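Good morning, and thank you for coming.

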Amino acid sequence: MVAVINAKAGGGHAQELAGHIAAEFARHGLRASVCLATSGEDMLAAARQAVHDKIGIVAVGGGDGSVNAVASVLIADANCSSALGVLPLGTLNHFAKDLDIPLALADAIAAIAHGWRIRVDSGEVNGVPFINNSSLGLYPDIVREREKQQARLGRGKWLAFSWAAMGALRRYPFLRVRLHVGGQDHWRHTPLVFIGNNEYLMSGLDIGKRSSLMEGKLSLYVCHRTGRLGLLRLAVNALFGRLHEAHDFDALTAHDILIETHKKRMLVATDGEVTIMQTPLQYRIRPASLEVIVPDREARPIPAEVQPAIIRALRKDH
């Protein structure tokens with residue numbers, strides 16, 4: 001197997017981290033070639049070489065952006081025989097959480113060594129894949145400004161994000177978009193458009209979590225035209241798990257979504273990475289396009305709703 005690790009995830013101790021990862025895999029009987037990637041291009045190159053060499057497992061260590069980068073290489077090759085392993089070394093680790101992959105490094109390594117393979121969906125915008133979500137409007141504007149502050153002023157990620165968010169809310173830019181969904185057109189004047197790979201839960205403590213990555217659909221959330229106070233109210237509803245009570249956004253699901261605007265190019269975020277794309281933006285779901293290693297199903301609790309059926313089947317066998 002090959003483990004592609006974002007060198008920045010080592011916190012200044014990347015070499016020690018690489019050695020530790022190799023030793024942990026060896027403890028489970030796997031010989032891991034660990035590649036420390038110092039840039040996005042290094043990460044992509046290492047993943048492409050592993051896929052070309054038909055390596056059985058390509059593990060990625062880093063945040064959601066790193067996971068998406070390596071996953072995109074596996075998705076792009078129609079003949080790929082490699083399965084993705086995830087070592088959650090980022091801040092949020094949404095993809096790992098939604099697949100119940102352990103966040104502790106030793107447990108994540110054990111899950112890769114002894115887990116099972118499933119095929120999950122991915123999303124795509126103008127040919128660029130994403131495994132979590134994509135967005136237009138406020139969020140990519142904030143991320144681009146955050147990156148500038150980190151590079152120019154040396155600020156930490158969250159401090160730079162806070163300053164960038166305040167600046168974006170002062171400017172409060174709006175998008176005039178036409179959404180073509182399910183054969184119908186919807187015109188919106190909005191500060192934010194969010195497209196998810198499968199449906200995000202919008203109530204209780206699971207806000208921002210997906211119950212499944214295998215339902216073969218995109219989810220679309222469009223914030224209504226509202227003032228800063230309305231946007232703050234939406235954020236409070238989200239914080240307390242009451243988005244289902246809010247009236248400040250539209251939500252629907254679809255297999256493909258076309259987004260048009262008067263702009264010829266615009267900022268688009270895909271799993272936290274921001275690029276400039278030509279419009280219109282064509283989103284589509286790619287069902288079962290990525291093979292991922294998840295914890296062994298026998299180690300998982302059996303959902304309550306299927307337990308009676310299993311019990312009946314066992315009694316019938318005996």
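**Overall architecture**

The protein has nine helices and 16 strands; these are DSSP runs, helices being H or I of at least four residues and strands E of at least two, numbered from the N terminus. This is a predicted model, in which local features need pLDDT of at least 70, side-chain atom pairs count only at pLDDT 80 or more, and totals for chains, interfaces and linings use all residues. Residues are numbered from 1 along each chain as its sequence is written, and side-chain values use heavy atoms, with hydrogens and water left out.

As to confidence, pLDDT is the predictor's own score for each residue, from 0 to 100. Its mean over the protein is 83, with 72% of the residues at 70 or more.

Of the 318 residues, 45% count as buried, that is, under 20% relative accessible area, where over 50% is exposed and the range in between partly exposed (1.4 Å probe, protein chains only). Contact will mean heavy atoms within 4.5 Å. Among contacts between residues at least 6 apart in sequence, 71% join residues at least 24 apart.

**The nonpolar cores**

A nonpolar core is a set of buried Ala, Val, Leu, Ile, Met, Phe, Trp, Tyr and Cys residues joined through side-chain atoms within 4.5 Å. Which residues of the largest core touch the most other members? Of its 31 residues, they are Val70, Leu84, Phe95, Leu99, Val120 and Leu290. Several elements each supply at least two residues of this core, including strand 1 (2-6), strand 3 (57-62), helix 4 (94-98) and strand 16 (281-294). Helix 3 provides the largest share, seven residues. Another core, of 21 residues, lies apart from it, and Ile195, Leu220, Val268 and Leu281 are among its members.

Val60 gives a local view. This residue lies in strand 3 and is buried, at 0% relative accessible area. Beyond its neighbours within four places in sequence, Val60 is in contact with Val4, Ser66, Val67, Val70, Leu84, Gly85, Val86 and Leu87.

**Helix 2 against helix 3**

The axes of these two helices come within 9 Å and cross at roughly 35°; axes are lines fitted to C-alpha atoms, for helices over the stretch in contact, with angles from 0 to 180 degrees between N-to-C directions. The crossing of helix 2 and helix 3 is right-handed, meaning that the near helix is turned clockwise from the far one by less than a right angle, anticlockwise being left-handed. On the helix 2 side, Met43, Leu44, Ala47, Arg48 and Val51 meet Ser66, Ala69, Val70, Ser72, Val73 and Leu74 of helix 3.

**Aromatic pairs**

The whole structure contains three aromatic pairs. Rings of Phe, Tyr and Trp (its six-membered ring) pair if their centres lie within 6.5 Å; planes under 30 degrees apart are stacked, over 60 edge-to-face, and the rest tilted. Phe130 and Tyr283 are edge-to-face, 6.1 Å centre to centre with 70° between the planes. Because Phe130 is in strand 6 (residues 128-130) and Tyr283 in strand 16, this pair ties together parts 153 residues apart in sequence. Phe130 is buried, at 0% relative accessibility, and Tyr283 is buried at 0%.

Phe194 and Tyr200 have ring centres 5.4 Å apart and planes at 80°, so they too are edge-to-face. Phe194 is partly exposed at 21%, whereas Tyr200 is buried at 8%. Ring pairs link Phe194, Tyr200 and Tyr221 into a cluster.
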